[in-house]
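Me: I would like to go through this structure with you, a few places at a time. Shall we begin?

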Amino acid sequence: MHNVVILGSGCAGNTAAIYTARAGLKPLVLMGREPGGQLSITSEVENFPGFPEGIMGPQLVENMKLQAERFGAEFRHGTVIESDLSKRPFRLNVDGEWIETATLIVATGASARWLGIPGEQHLIGKGVSSCATCDGFFYRNLKIMVVGGGDSALEEANFLTRFSNVMLVHRREQFRGSKIMIERVAANPKVQMVMNTVVDEVVANATGVVGAAKLRNLVTGEVTHQEVDGFFVAIGHIPNTKPFIGQLDLDEEGYILSHGGARTNIPGVFHAGDVQDRQYRQAITASGAGCMAAIEAERFLEAEGH
Ligand code: NAP
């Protein structure tokens, strides 16, 4: 049986791993479906303290993993598909194999949200993407569209101008993203902003890959077909809490409800990072939350005489 199992290997999970490993708890980190979390698909991170020149997201998260491993954390590929938190030890079904743990830190993060429009799902990997840094390269000198109005969409639009001109489509008149990102995009002549507009459909061309997007202006009602090769969706995320439905207290969108600090409704189960945080969602806040969860797990075990 494990002392601590940490689910997720983004900033939250990796920081929890550093702290619990240094506390001598030999944590097991299950890396999940998206190892490294959202940072692993980001380009440069400019706002994580300690890196005055910035650092590449994948490098930052890999550094955290190495730091945890140095103190004895074990990282394993695997995803929890089912859990039994009704009694202790807690039981987790990891891709078909059940494991047991005295405490659990849920740092499973959040995954890309999709628009849910015709053509979208079926064209993922054929022009539809949720990761500019992963797929932008394929659309050099081709037609790129980004959908969304938050920092992710603004950042992706800017990044993608390395490859081609970008049309940024947002459903409102104002962007949700931060001032600095909005200014950067506004100053980038390769980004064309299309406001008050939604995409109703992604349309395949004769070869079965993305060829066009059907846009609808919400003010005028005008519908247009825009030729597109790379269609990037950047409209936020959905928390990864499926294996805990009915056990952990979740809000209406599936985020874990905090019971103070890093505590969930179940003693011995702690939360860290974007799986609980719908407000800040930064690398540094996720790391801070991972630290909190680790300290709480350590104290919980200590109180039980571990
Ligand atoms: P977000 O801030 O929640 O923004 C989501 C955007 O998508 C909003 O503009 C929203 O429109 C739009 N949207 C949502 N559902 C839609 C739909 N069905 N159809 C069309 N548009 C839809 O998400 P995010 O941009 O991923 O950012 C998440 C967090 O990470 C934020 O706290 C952000 O600051 C942070 N972040 C920071 C950086 C950075 O600092 N460099 C980079 C990336 C992300 P409305 O505005 O109309 O709601």
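Me: Is Asp251 buried or exposed?
Reply: In this predicted model, Asp251 has a relative accessible area of 16%. The cut-off for buried is under 20%, so Asp251 counts as buried.

Me: Where does Asp251 lie, and what is it in contact with?
Reply: Asp251 belongs to the loop between strand 18 (237-239) and strand 19 (269-271). Setting aside neighbours within four places in sequence, its contacts are Leu257 and Arg278.

Me: What about Thr241, where is its place?
Reply: Thr241 is also in the loop between strand 18 and strand 19. Its relative accessibility is 3%, so Thr241 counts as buried.

Me: Which residues does Thr241 touch?
Reply: When residues up to four places away in sequence are not counted, Thr241 touches Leu250, Gly254, Ile256 and Val275. For the spacing to Gln276, which is 35 residues apart from Thr241 along the chain, the C-alpha atoms are separated by 9.5 Å.

Me: How many bridges pair strand 11 and strand 17?
Reply: Four bridges pair strand 11 (residues 144-147) with strand 17 (residues 230-233), in the parallel sense. Val146 has Phe232 as its bridge partner in strand 17.

Me: What is Val169 in contact with, beyond its neighbours in sequence?
Reply: Leaving out neighbours within four places, the contacts of Val169 are Met145, Val146, Val147, Gly148, Val194, Thr197, Val199 and Leu215. As for Gly119, it is 50 residues from Val169 in sequence, with a C-alpha to C-alpha distance of 17 Å.

Me: Leu215 is in that list. What is its bridge partner in strand 16?
Reply: The partner of Leu215 in strand 16 is Thr224. Leu215 also stands opposite Val199, with Leu215 in strand 15.

Me: What is the order of the sheet of three strands?
Reply: That open sheet has the order 14-15-16 with antiparallel pairing. Its edge strands are strand 14 and strand 16, each of which pairs on one side only. On average, and with direction ignored, neighbouring strands of this sheet are turned by 25° against each other.

Me: How many bridges are there between strand 14 and strand 15, and how many join strand 15 to strand 16?
Reply: Strand 14 (residues 197-204) and strand 15 pair over seven bridges, in the antiparallel sense. Strand 15 (residues 210-217) is joined to strand 16 (residues 223-227) by five bridges, again antiparallel.

Me: Which residues in the two hairpins have a positive phi?
Reply: In the hairpin of strand 14 and strand 15, with five residues between the strands, Gly208 in the turn has a positive phi of about 85°. The hairpin of strand 15 and strand 16 also has five residues between its strands, and there Gly221 takes a positive phi near 80°.

Me: Last topic, the helices. How do helix 1 and helix 6 cross?
Reply: The axes of helix 1 (residues 11-22) and helix 6 (residues 283-303) come within 7 Å and cross at roughly 40°. The two helices are therefore oblique to each other, and their crossing is right-handed.

Me: Which residues make that contact?
Reply: Helix 1 contributes Cys11, Ala12, Thr15, Ala16, Tyr19 and Thr20. From helix 6 come Ala283, Ala286, Ser287, Gly290, Cys291, Ala294 and Ile295.

Me: How do those residues divide into nonpolar, polar and charged?
Reply: Nine residues of the contact are nonpolar, four are polar and none is charged.

Methods
Residues are numbered from 1 along each chain as its sequence is written. This is a predicted model: local features need pLDDT of at least 70, side-chain atom pairs count only at pLDDT 80 or more; totals for chains, interfaces and linings use all residues. Side-chain values use heavy atoms; hydrogens and water are left out. Axes are lines fitted to C-alpha atoms, for helices over the stretch in contact, and angles run from 0 to 180 degrees between N-to-C directions. Angles under 35 degrees count as roughly parallel, over 145 as roughly antiparallel, 65 to 115 as roughly perpendicular and the rest as oblique. A crossing is left-handed if the near helix is turned anticlockwise from the far one by less than a right angle, and right-handed if clockwise. Contact means heavy atoms within 4.5 Å. Ala, Val, Leu, Ile, Met, Phe, Trp, Tyr, Cys and Pro count as nonpolar, Asp, Glu, Lys and Arg as charged, and the others, Gly among them, as polar. Two strands pair if DSSP finds at least two bridges between them. Buried means under 20% relative accessible area, exposed over 50%, partly exposed in between (1.4 Å probe, protein chains only).
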